[in-house]
Amino acid sequence: MNSENKIDQVFKLQKEEALKLRHSSKAQRIKKLEDLLRWINTNQEDIRKAIHADFKKPYTEIDISEIFVVTSEIKHAMKHLKGWMTPKKVSTPLTMLGSSSFIHYEPKGVSLIIAPWNYPFNLALGPLVSALSAGCTAIIKPSEMTPHTAALIRRLVEETFEPKHVAVFEGEIETAQYLLSKPFDHIFFTGSPAVGKIIMKAAAEHLSSVTLELGGKSPAIIDSRADLKDAAEKIVWGKFVNCGQTCIAPDYVLVQSDIKSDFLEALVQTLKSMYDTHGKGIEASKDYARLVNDKHLKRLQHLLSDASMKGANTYFGGQIHAAEKYFEPTILTNLTPDMEVMQEEIFGPILPVMEYQTLNEAITYINQNPKPLALYVFTKSSDVIDQVNSSTSSGATVANDCVLHFLQNELPFGGVNNSGMGKAHGQFGFLAFSNEKAVLKQRIGLTATKPLYPPYGITSKKITQLLLKWF
């Protein structure tokens, strides 16, 4: 059986099963989550080996950013699922006297999860947790750029679920295109804005709802009242973890001009303390990951070359070892808006540092560009934090830290406009895969609205006038 026929067969099975899962109980859904958690806990070493084989990510980094993120999401869902599933009673206005109203959370049905390569385990399994919690079936398309992790995800699913509940299809762009031709009830995509537009167009053919977790250029503002050592540590970690291949990494820094030199020095000292403790060079560090493939390395080389030709200064780094897909953490200064590194999402270990004079100048620069997935501000001033938060639009605002909001399951995670559509994690992920159905129960007999039925007379006219005046 070819892959298209297999997809057709599994989609049909899941469509039929989705009708049954509308009646699934909390216990049945939790059982699936428990099975998933058990497999992950039992096979942690295999997960580490697969991800490391794809781009030499350090094991501790895998534990934190891949395994823990998923297991904590599972545990959070199991703890709160009863409350999420319970129909929510809403208040009854006087005009609806005699009726009662509820919000009922029903599963959307068959879902498609298209995962990226940068966090190939986390960003495939996190949405699956939400789909299972909501009572949906799911087909996962892992990235072909991380084949070892894709194979492991397929093994996980085959050993844990029946195809009518969860299935995995590996493959290139043709597989993704064929999957997108199917009438899914919900599509969850994580990737670039450019591909997000393709996903949205495909979803529109069937009016499938979508969650788009995209990206963009997430800025970090360093105010003159920031603790520079603390800010440098958090930005270096947030930027260079996973070799910069993180959608919510600080894409560029805006630092107040009077502290620029001190901040740059703090960045360099932090880089050395994290990745070059023995003075043998960052390439020798076992704690620094590699780029995913040669294509990605060449793209970053081009960004660096373009910036250099247009006058950018390489303040630190810039060394590349193509055979090892090694790209040294690189700090750029003397940036101008016409440089490609300031126009597209970097998604790698290049950190442009620009200076600003006033906070309004920094805010204006941010607002002239597409809305970012995250915005970071470092300062001891709560007024500065409030001004940045109220004067900009982004998927998230984080004060005095980077990327940490991804781990807060009580917060919605997602972008706005160019950086995404819809929210994920915790209850927000549950809602993404659920239809919030309105349910109204009316009494039998006389109701508050029956006096307004035709034929319209003096009584109905007076009641209508009262409604217009008082309600």
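1. Contact here means heavy atoms within 4.5 Å. Keep in mind that this is a predicted model, where local features need pLDDT of at least 70, side-chain atom pairs count only at pLDDT 80 or more, and totals for chains, interfaces and linings use all residues. Residues are numbered from 1 along each chain as its sequence is written, and side-chain values use heavy atoms, with hydrogens and water left out.

2. Start with glutamine 387, which sits in helix α13 (helices are DSSP runs of H or I, at least four residues, and strands are E runs, at least two, numbered from the N terminus). Leaving aside neighbours within four places in sequence, glutamine 387 touches Leu359, Asn360 and Ile363.

3. Is glutamine 387 buried or exposed, or partly exposed? Its relative accessibility is 28%, so glutamine 387 counts as partly exposed (buried is under 20% relative accessible area, exposed over 50%, partly exposed in between, with a 1.4 Å probe and protein chains only).

4. Now look at helix α12, residues 359–367, where Leu359, Ala362, Ile363, Tyr365 and Ile366 are buried. These residues lie on the same side of α12, because they cover an arc of only 160° around the axis (the arc is that of the directions from the helix axis to the C-beta atoms). What do the buried residues of α12 pack against? Their partners are β8 (219–222), β9 (252–256), β14 (350–356), β15 (375–378) and α13 (382–391).
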